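Dear colleague,

I am handing over the structure below, and after it I set out what was found. Please read the notes with the model open beside them.

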Amino acid sequence: MTDRIDEQFSVAVAALAERPRRDPALPVRDGATLTGARCLELFDAQLGSRHLDLAARELGARGAGYYTIGSSGHEGNVAVAAALRPTDPALLHYRSGGFYLERARQVPGSTPLSDVLLGVAAAATEPIAGGRHKVFGNKALAIIPQTSTIASHLPRAVGVAFGIERAARLGVANPWPAGSIVVCSFGDASVNHSTALGAFNAARHCAYQNLPLPVLFVCEDNGIGISVRTPPGWVHSVYSGQSNPRYFTADGSDLLDAVPVAAKAAAWVRDNRMPAFLHLRMVRLMGHAGSDVESAYREPAEIEAELARDPVLRTATMLVEHGILTPAEVLARYEEKRAEVGETARRAETAPRLGGAAEVMAPLRLRQPAPVTVPATTDRLTLAQGINQALSDLLAEHREVLVFGEDVARKGGVYGVTRGLLKKFGPARVFDTLLDEQSILGLALGTGLCGFLPVAEIQYLAYLHNAADQLRGEAATLRFFSTGQYHNPMIVRIAGYGYQKGFGGHFHNDNAVAALRDIPGLVIASPARADDAAAMLRTCAAASAMDGRVSVFLEPIALYHTRDLFIEGDGAWLAPAGSGHVPLGSARVYGDGNDLTLVTFGNGVRMSLRVARQLAGRGIHARVVDLRWLAPLPVADILRHANATGRVLIVDETRRTGGVSESVITALVDAAFPGRIGRVTSEDTFVPLGPAAHHVLVSEPAILTAATTLCR
């Protein structure tokens, strides 16, 4: 197919009849015009994009290239780049070669051909991902790199648009110039994804309430997702009848149609500060990727019909028919671009590659923020009150902090954790969201790119799982695929774990954290008491401010309002909000017993302390190590206190399979710990309703029995 599209262009152009030389103002839609000079600029970007695709296939055939998803057939997206400012943030579809080259043309000093080919060759000198992935991204071009772009970037795009407007309203320093709009492109197959539908709904939800949201959604509709066809007319039938977002459509293979419509759509978004949907009808040439054999699922006649709509050929034909270029001049430009791209590809082929695991992982390297302390308080608080106090302090001290989620504002949270914050700091900074976890996290992802520190709440741990890719595929990867040039600082507060009384069942007592623990670079905090919670929340905020760290803050629901530790009325679980600093990955130790080390976290801390008192009555002296951080795990503290007693019992309220105890045991084994190891965990099941939960969750009697056995 590569040879076919190359040959088709040359043969078809050579057959064109030469026209009288002129440099007309070409008529386009709605009475507008397009100069010959502007057409040549756009044509140059299209030629560059086409030859980048051809070169990527050649590099792959030589074993020197590693990415062959191309932009052939989508070169009409130069019209979108032409309609925008080079400072408008862009989140691009992986077929955006034309857009990238046209955007780069507007920024002096850019080297887009080299950028793309270094990415194809996985070169360490590639300017955005440094060889970690082939992405369209560039800080100087305001292009935020996306990885798979199967709709997962759309919630972030909504968040960026929201953040641009909210930053202007609050006077928060924002990297995007005044009047910016967001552009977000995707394919026709992606519009069916639940993530895309959620993002469109969130955009409509904002616009319906007259909340400014300047985002231009661009659907590049080539009618097929790998081999699965989109029903003809599907995208148009779904979106053309809607006024929100405003719908625009054009033939993406015809610059005389696409350029004015794209300009009109972008201007509408910029002027109205509201979302729009630009539907560009396109073709896909050369298959989905280099390994894709289209003839296995498309008829020859269909492939030939697509070739006839080749946007690069149609632009060449338009230039000849209007006397701007002769056929010979078109072919000369085509071959000159081939030579330029070929020479650039040869340089990329010999560029250095990533040299080892440390270099690959460098963007994920964890750094400790400077110690954060606050004036000491004497008030003894519950866990919920400690978190509330810390949030209030952060909001008061940092105007870039936002607090949002389901029920966090007027109600003050389901458990009252955010009570009073709306009244104190106002609805621009503390606000309720629609009930969609993907949109909540997308809002955090986007506002984090606009100068904010978003503190988003997911109401229950079980509710996270339908939106986890916004953390795994978007939040955690941005630093990695931009070598730290872009980052999305954020804290995600999640109420979780079991033992909740009176409001049970799986969805309100979820104890599954495995899906979070294996996300590279993600910080996971799990405080049990007010003093730790307040200090750890400040540490997470400091880490976000320092290098854009993404943190998940797991809050034990059952401990929110707990006051007592050993006996009713002792108030021993209360603690002041505290002034101490809690470094990332540092544990807290209770006691100095020499017989046994209980390693635990969350609800397990209180249970373990109660069991330790019972053990002392039996002559067994234990110390309790509260991990506090599930990532990074406080390995040094674990080993130090394990070696101090020679016996370790891990009290893990998460599931036996995939739970936290597995990592603790692995750390001990890796360090050749010579002592005895045991664990008590919750069962591998969902948490049932009512008293049945006690059959499957860790209990104090189970801890006591295991501890006694281990110490025999």
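Arg105 and Glu102 both lie in helix H4 (residues 97-105), three residues apart, about one turn of the helix, where helices (H or I, at least four residues) and strands (E, at least two) are DSSP runs numbered from the N terminus. Their side chains meet in a salt bridge at 3.0 Å, N to O, the term being used for a side-chain nitrogen of Lys or Arg within 4 Å of a carboxyl oxygen of Asp or Glu. Arg105 counts as partly exposed at 39% relative accessibility, whereas Glu102, at 0%, counts as buried (buried is under 20% relative accessible area, exposed over 50%, partly exposed in between, with a 1.4 Å probe and protein chains only).

This is a predicted model, in which local features need pLDDT of at least 70 and side-chain atom pairs count only at pLDDT 80 or more, while totals for chains, interfaces and linings use all residues. Residues are numbered from 1 along each chain as its sequence is written, and side-chain values use heavy atoms, with hydrogens and water left out.

By the salt-bridge rule the count comes to 38. Another of these pairs is Arg655 with Asp510, whose closest N and O atoms are 3.5 Å apart; because Arg655 lies in strand E20 (residues 647-655) and Asp510 in the loop between E13 and helix H19 (514-517), the pair ties together parts that are 145 residues apart in sequence. Both Arg655 and Asp510 are buried.

Asp531 and Arg588 also meet in a salt bridge, at 3.1 Å, N to O, and Asp531 lies in helix H20, of which 16 of the 18 residues are buried.

Best regards
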